[in-house]
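Here are a few exercises to work through with the model open. Try each one yourself before you read the solution.

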Amino acid sequence: MNLKKQGTVLLIGRPNVGKSTFLNNLLGTKVAITSPKPQTTRFPIHTEYIDDRGRIIFIDTPGIFGKAPDQMSSKINQSTKDSISDNVDIVIYMVDHTRRRDMEEAKVLGIVRKIAKPKILVINKIDNQERTYLPQYEFLKDEIKDFFEISSIKRKHLKPLLDKIFELLPETKEKIVTGDNVYPLLNVDSKTFIAELIREKVFIMMGEEIPYTSTAIVDEITERTPSLTYIKARILTTDDRYKAMIIGKAGRKIKEIGAYARKEIELAISKRIYLDLKVETDPHWQTTYY
Ligand code: GDP
């Protein structure tokens, strides 16, 4: 009997290189979610791809290298490294040739270099040839022998990449059920799931002082059209001072938190969402909601 392949692939890259788009388009609707755990900065969402060859578990890195305050970014980097050393079989390092290499890119590469696992370089957005900094990324091809130039949006060259992933993954004796209906959908207690996800983003973006004084509540989930879901949620915090911190200068922080949460929810439910997210002070939320 032919053994199936199974393993974990870490997807790593700067924000906006196209990681979510890649996962969405590679997996289509075949996305399975494991619930985020409260108060962790570990990868909340694992997506699975299964076909006759076996199972690939993708984990996405928190996409905020460089943006977070130093203390937080070092913390995330630490948690990233911990997760990697634990149980990753392959690293996919994704770059966007339409943007210049910068400090942030250098940081991501620094992390990639520290991981002693098979690596695949993926140059994304090759459909866009109007602006390219490809020469700035060429040297990576010497360093990482397996590389692919793809377009996540146009689903170009995804198949050879998938073939390579399966080739590199270890064999498993586990029986993997393939076929339809093996993917759990997000329906059990979606409000809690989404609230947890938002709360986790507050934790990641704000540092440790805030999360224990705040929570997230989802008030409404309405399917506006078959492809667009409206979600109304609130972040509750105990003090006006924290509220101001979460909102940030000119609302920038809450926008980042919202955008980050929205992306993951969209990935989770394979639909576009409109996330209506507000921050409120409620000194008593701990007694009201728990
Ligand atoms: P992430 O932050 O790495 O998850 O990046 P996203 O998946 O959110 O993508 C960031 C932006 O790049 C979005 O506007 C995408 O539509 C765009 N994008 C992603 N993949 C491609 C691609 O293959 N080609 C082009 N032209 N744009 C892409």
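**Exercise 1.** Work out how helix H8 (residues 240–247) and helix H9 (residues 252–269) cross, and which residues make the contact.

*Solution.* Start with the axes, which are lines fitted to C-alpha atoms over the stretch in contact, with angles from 0 to 180 degrees between N-to-C directions. Those of H8 and H9 come within 5 Å and cross at roughly 65°. That makes H8 roughly perpendicular to H9 (65 to 115 degrees).

Next, list the contact residues (heavy atoms within 4.5 Å). H8 brings Met245, Ile246 and Ile247, while H9 brings Arg252, Lys253, Ile254 and Ile257. Sort them, and you get five nonpolar, no polar and two charged.

A word on the ground rules: this is a predicted model, where local features need pLDDT of at least 70, side-chain atom pairs count only at pLDDT 80 or more, and totals for chains, interfaces and linings use all residues. Residues are numbered from 1 along each chain as its sequence is written, and side-chain values use heavy atoms, with hydrogens and water left out.

**Exercise 2.** Find where alanine 250 sits, then check its phi.

*Solution.* Look in the loop between H8 and H9: alanine 250 is there. Its phi is positive, about 55°, although alanine 250 is not a glycine. Now for accessibility: at a relative accessible area of 73%, alanine 250 is exposed (over 50%, with a 1.4 Å probe and protein chains only).

Conventions. Helix = DSSP H or I, 4+ residues; strand = E, 2+ residues; numbered from the N terminus. Parallel < 35°, antiparallel > 145°, perpendicular 65-115°, else oblique. Nonpolar A, V, L, I, M, F, W, Y, C, P; charged D, E, K, R; others polar. Buried < 20%, exposed > 50% of the residue type's maximum accessible area, 1.4 Å probe, protein only.
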